Amino acid sequence: MRHLLALSLTAFATIATAQNQPNTVLVMDGSGSMWGQVDGVAKITIAQDVVGKLLSDFPAEQGLGLTVYGHRERGECTDIETVVAPAPGTAAQIATAVNGIKPLGKTPMTDAVIAAAQALRYTEEKATVILVSDGVETCNPDPCAAARLLEEAGIDFTAHVIGFDVGSDPEALAQMQCIADETGGQFLTADTADQLTAALTQVAAAPEPDPEPVVVPTTLTAVIEGTDMLVSGPVLWELTSNTDTVLSDTEGNPLDLQLPEGSYTAIAYSVALETEMTRQFVAIGDSATVQIAFPAPQEKARVLAPAEAVAGSTIQVGWDGPNEKEDYIGIGAADADGANQWRNWSYTSSGNPVDLLVPPTPGPHVITYFKRDGREPLGQTEIMVTPATATLQTVAEAPAGSEIMVDWTGPNYKEDYIGIGKLGADGANQWENWTYTRDGSPAKLTIPAEPGDYAITYFMRQDRTPLTTIAFTATEVTASITAPTEAVAGSTIEIGWTGPNYDEDYIGIGRADAEGANQWGNWTYTREGSPLDLMMPAEPGEYVITYFQRQDRTPLTSVPITLTAVSASITAPTEAFVGSTIEIGWTGPNYDEDYIGIGRADADGANQWENWTYTREGSPLDLVMPVEPGEYLITYFQRQDRTPLTSVPISLKPVEATLQAPASAPAGSTIDVAWTGPNYSEDYLGIGRADADGANQWENWVYTRDGTPAKLLVPATPGDYLIRYFVRQDRNAIAETPITVTPVEATLIVPATATPGATVEIGWTGPDYAEDYIGVGPAGATGGEQWQSWAYTRSGNPATITLPDAPGDYVVQYFIRQDRESIASATIKVE
């Protein structure tokens, strides 16, 4: 804690007459801080010397007094003593008293000023106070408030403040400025004995105040250039008018001031930006708003990385930066700029440190922190990228298409690989086949299918960078085929062969004039052995059988073969009823999954058959006719490519049915329906709503296989219905008759009340269909809650039911089992 040297002086001015000056009290700091030194001399000694010199010229007729504080006791805020009462001719007495002060205690500066003002009878007479301070008040919590009260209560009270050896203490400067401002005094600073003398002389020589100047409300703001955004962090202001300092190191942004009209120079210092900006302005008129623009802050970042790393390796990079969305750490060649400043990068959002992939090219590089917005570099560090090395060793030659083992050493970075390509090739042609180094050493490498001179290369995956290369020769490989010169289309023949039998090599057959992917229509892998079975294409013609090396589908040898046509015949009736099953006689190759199909005469493709039967079922075979009348074809299909071999026509005639049933029936009853019809497998009689279609054409049904008349259950809901005869195939309705379902009635005899859990007897009348039941449930319940206890009507009349245990209002209902349809109800209270 710094302390205060407080002097309360009236007029040290030899140029002013006594009658124009108010009485004065000199308040002298006797606290321990006065032993502090300025230029090697104790501040108390400097004060004693300066005051002594000034008092030597003090007018004898001017009233002057002395108040001293902190000179008698340690740690006491009440140690304040008026040593010399204000009176004329006291200068020598005061000088002697000042020279006798021995600094000892605390600094009750504000209370000492109040004591001096009281000694001056400031509420009755004119008084002026000059404070010379070297620190912050240590006893009174609010010097500003105390000064304000003195000004308000005084007749004409003025305090001039001089900061002695204050430095840049913002709290002390603010207190001193405030005391001077509140009482209309001046605030000056002094750092040496000479400056203290000059300051005291200037204050003592001050003339009577001029008339109150015009005050202009002024606002000082520090903003970012090109915006109205305030500079963040503390802003310290210095303000001068001509050569006078109005304020110094005063914090605020904005800073509101009351300034006399005039010309000023403002200096703003941003602590955060560590930048000082200056602007001149004139305070005039009703108000003044002054902005000082600071350049936009330049963001910075730091990057920490190894001094060197091997090409293609992954290193960890530490960073310190703003870490805004999509900021990233990039690495690039040291002589690159702009978009070339990074070859690889990692987002700072990935963590700290980040993993960074080193480029594959050796040489000096830089690692840079980039702000994503504008790709602005904020900081960087240098790194030397050293070469990555590798070795390869294998046989000098091997047959084309074979596999060899390659010994290797190298960095084995993620997805590094060993590739083989034509000697002298570049770019994407540097390898035709490859194997990843992650599979270990030695690596298994497949030789290309074409004989010739090749290069085997170790590739770093990044940028497909080659590290080392050796030469290799792929020698020619041969094959042979033994096969008949002629075969029936669609048949399967034996093929003898010799060849390399590499993994997935195959024997294929294709058109003689075909090439590329069309060189085979059917194939068999050579791994099936020699001889192997090969299916012939379904279409007659000239073909070649070829040994294909699987790699690049490379043909090694071929032999020709002629495929002759295959014949078939069908014996079938010329007409039949729709939906019937007829016998079909046939001859044909009976290849695996050949089939006889029937379809519309004018159909093609997938519509050439609607129903079918495999020829493996024998001859004759059973074939089900479609349900729509019309002209059809029965066709023998070779399964391969669904190739039709022969067809015969057939006409399908409509089939008829009749139905005889009652015109009406009670809901839920079972009726007899007499019928005639084809009675095909799973034909059925269905009953459904008269206006229904699709799946709603029947609600209940019975199979025709159960005979005539059929027993058909009538739906539980009254209304108009149709009974239909359905051919099971396509659920095609071929006959129908209407029926009206009439309501069915029931009655219940139920006691009005009963006790919880009691067993009661319920009298009833009703249809008593199979599994009809009497149920009891809560009033207003639906679904499964409609009954909590029940008894089947088949159990007799009356029905015996145990009531629920919970008291309440319940409903007893007669339910038709079909659809659980309720046809009667009565209430009962359980209490």
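**Ground rules**

I am working with a predicted model, in which local features need pLDDT of at least 70 and side-chain atom pairs count only at pLDDT 80 or more, while totals for chains, interfaces and linings use all residues. Residues are numbered from 1 along each chain as its sequence is written, and side-chain values use heavy atoms, with hydrogens and water left out.

**Entry 1: the disulfide**

I started with the cysteines. A disulfide is a covalent bond between the sulfur atoms of two cysteines; here it is called when the two sulfurs lie within 2.5 Å. I found 1 disulfide in the structure. It joins Cys-144 to Cys-178, with the sulfurs 1.9 Å apart. The pair links distant parts of the chain, with Cys-144 in helix H4 (residues 143-153) and Cys-178 in helix H5 (residues 170-183), 34 residues apart. Helices (H or I, at least four residues) and strands (E, at least two) are DSSP runs, numbered from the N terminus.

Are these cysteines buried or exposed? I count Cys-144 as buried, because its relative accessible area is 16%. Cys-178 is buried too, with a value of 16%. For the cut-offs, buried is under 20% relative accessible area, exposed is over 50%, and partly exposed is in between (1.4 Å probe, protein chains only).

**Entry 2: the cavity**

Next I looked for empty space. Rolling a probe the size of a water molecule over the atoms shows where such space is left. On a 1 Å grid over the protein atoms alone, a cavity is a set of points where a 1.4 Å probe fits but cannot get out; a pocket is an open set with protein on both sides within 12 Å along at least five of seven lines; lining residues have an atom within 4 Å of a point. Grid points are joined across faces, edges and corners, and a volume is the space filled by probe spheres set on the points.

I found 1 cavity of 30 Å³ or more. The largest cavity has a volume of about 70 Å³. Its lining has 13 residues, and Thr-110, Val-113, Ala-147, Leu-150 and Ile-179 lie nearest the centre. Helix H3 (109-119), H4, strand E7 (156-164) and H5 each give two or more residues to this lining.

Which classes make up the lining of the largest cavity? I noted 11 nonpolar, 2 polar and no charged residues. Ala, Val, Leu, Ile, Met, Phe, Trp, Tyr, Cys and Pro count as nonpolar, Asp, Glu, Lys and Arg as charged, and the others, Gly among them, as polar.

**Entry 3: the second largest pocket**

This pocket holds about 340 Å³ of space. I see 15 lining residues, with Ala-272, Leu-273, Ala-296, Pro-297 and Gln-298 nearest its centre. The lining has 10 nonpolar, 3 polar and 2 charged residues.

**Entry 4: a sheet**

I traced an open sheet of 4 strands, ordered E11-E10-E13-E14 with antiparallel pairing. Two strands pair if DSSP finds at least two bridges between them. Strands E11 (244-251) and E14 (275-283) are the edges, each pairing on one side only. E10 (residues 235-241) and E11 pair over 5 bridges, and Trp-237 stands opposite Thr-250 in E11.

**Entry 5: two residues**

I found Val-215 in strand E9 (residues 215-224); at 40% relative accessibility, it is partly exposed. Its C-alpha is 4.3 Å from that of Pro-260, 45 residues apart along the chain.

Pro-678 sits in the loop between strand E50 (670-676) and strand E51 (684-689).
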